[in-house]
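Here are my notes on this entry. Please read them with the structure open.

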Amino acid sequence: MSLSTARFEVLSFPFELTTDDRKFFDEFLELNSALALPGNGKLPQVQYSVIKNTKYFCIRENGKFRNRWAHRWPLYLSVMMCVRDSLYLHLKEYLFLHAGALAKNNKAVLLPGPSESGKSTLTLGLLNYGYQYLTDEVVVIDLSDVRVLPFQRPIYIYGWQSVVSAEVEKYFKFYRFKERYGNTMQPWQYAVPKQEAVLPKNTSFEVGWIVFPTYNETQKDSYLKPMSRAEAAFNLMQNGWNMQHFNDCGLKVCSELVKKADCYQLMMGDLKEACELIEGLTGNSPVSVKSEVLESIWRRKALL
Amino acid sequence: MQSLKKRTDLLVEEIEDEVVIYDPRTHRVHHLNPMASIIWELFDVSVSPQEIVKEIVDSLNAESQKVEKDVQETLKHLQEKGLLE
């Protein structure tokens, strides 16, 4: 059995990955190229392994079984979810929020919300309006200055349709695959930021806007409702990934964040309208966005 | 109404005219609306609910019956949430 091993660093968290599956190894490097940088000599805090037995790929963390998959594609997400959980546990210098984030004119707009609230859909939609991709799920707040750091993980999208304009597609590489759900094979794709879209390490953004999306299936239009900063701080606290580690300063950080930002609730019934409302807050771009692209995102809506 | 005190171990942030409270015992967060925030703040200077009512009526020129109801409801709510002792 031939093993491949590499050391990585995500934020300041060093980890090691070992596998006996060369194809998985190469694709893992490619899919996470915007997020997991090569290790810089630090000893890994956690060692992950992906070893294939007769039927499954087994994921282990420091030797302890975490998960198993029959196919390669869910493995990438699954391993990165293990890494993500380790970040929450080990990195005390960051607050992690369950939110999407994009940047324009050096200011970030945060889209916090639980699963199914529409933040990934909105993140993809806004890419078409000239926003820079920061993350679709994990917002990293540096506690030292309360600024947002990019966490450019691959965006996991249901369906193979094009979800961004031709212009935006230049900045992403798309990996399409089928995954078994019950008796059917479902199409999925990963959108991975290309080198041109990868933000340099230590790039950070002040938060200018915090918009809490709420997707409403029965609603036709979209509208913004101003939210008090206290309510926004309260809601941010509900959307923390690692808030339990910050008894004393979690509330302070959320409070600092909202004090610098304009806060809204976005009731989302139409994606184009929702994107334009946010664009109205952050400043218009000269980009013209084709409705078909947004409809393509919206039709599926089954984004993680 | 019995004499009540704020718990001293709570983490409290005043944001504009509202208050957000983090309870380290339960890890729960509470958001007080502007009226509840005024009542919360007055706990520092008033020793009884009656004094809180009087303070609000005097300073906001508000109707005393309505204020009394607000104060009672807020105190009940704060007690239920375990923020008073």
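Predicted model: local features only at pLDDT ≥ 70, side-chain atom pairs only at ≥ 80, totals over all residues.

How close do the axes of helix 2 of chain B and helix 3 of chain B come, and at what angle do they cross? Point 2 takes this up.

1. The predictor gives the complex an ipTM of 0.85 and a pTM of 0.89. Chain B averages a pLDDT of 89, and 94% of its residues score at least 70. Within chain B, confidence is highest in strand 2, at 95. Confidence is lowest in helix 2 (residues 49-60), at a mean of 89.

2. The helix pair. The axes of helix 2 of chain B and helix 3 (residues 64-80) of chain B come within 9 Å. They cross at roughly 135 degrees. Helix 2 of chain B is therefore oblique to helix 3 of chain B; the cut-off for roughly antiparallel is over 145 degrees. The crossing of the two helices is right-handed.

3. Contacts between the helices. Helix 2 of chain B contributes B:Pro49, B:Ile52, B:Val53, B:Ile56 and B:Val57. These meet B:Ser64, B:Val67, B:Glu68, B:Val71 and B:Leu75 in helix 3 of chain B.

4. The strand pair. Strand 2 (residues 18-23) of chain B pairs with strand 3 of chain B in the antiparallel sense, over five bridges. B:Val20 stands opposite B:His31 in strand 3 of chain B. Strand 3 (residues 28-32) of chain B is mostly covered, with four of its five residues buried.

5. The turn. The hairpin of strand 2 of chain B and strand 3 of chain B has four residues between the strands. In this hairpin, B:His27 takes a positive phi near 60 degrees.

Technical notes
Residues numbered from 1 in each chain as written. Chains lettered and ligands numbered in written order. Buried ≥ 20, exposed ≤ 12 C-beta atoms within 10 Å, placed from the backbone. Pairing = 2+ DSSP bridges. pLDDT = per-residue confidence, 0-100. Axes fitted to C-alpha atoms, helices over the stretch in contact; angles between N-to-C directions. Parallel < 35°, antiparallel > 145°, perpendicular 65-115°, else oblique. Left-handed = near helix turned anticlockwise from the far one by under 90°. Contact = placed C-beta atoms within 7 Å.
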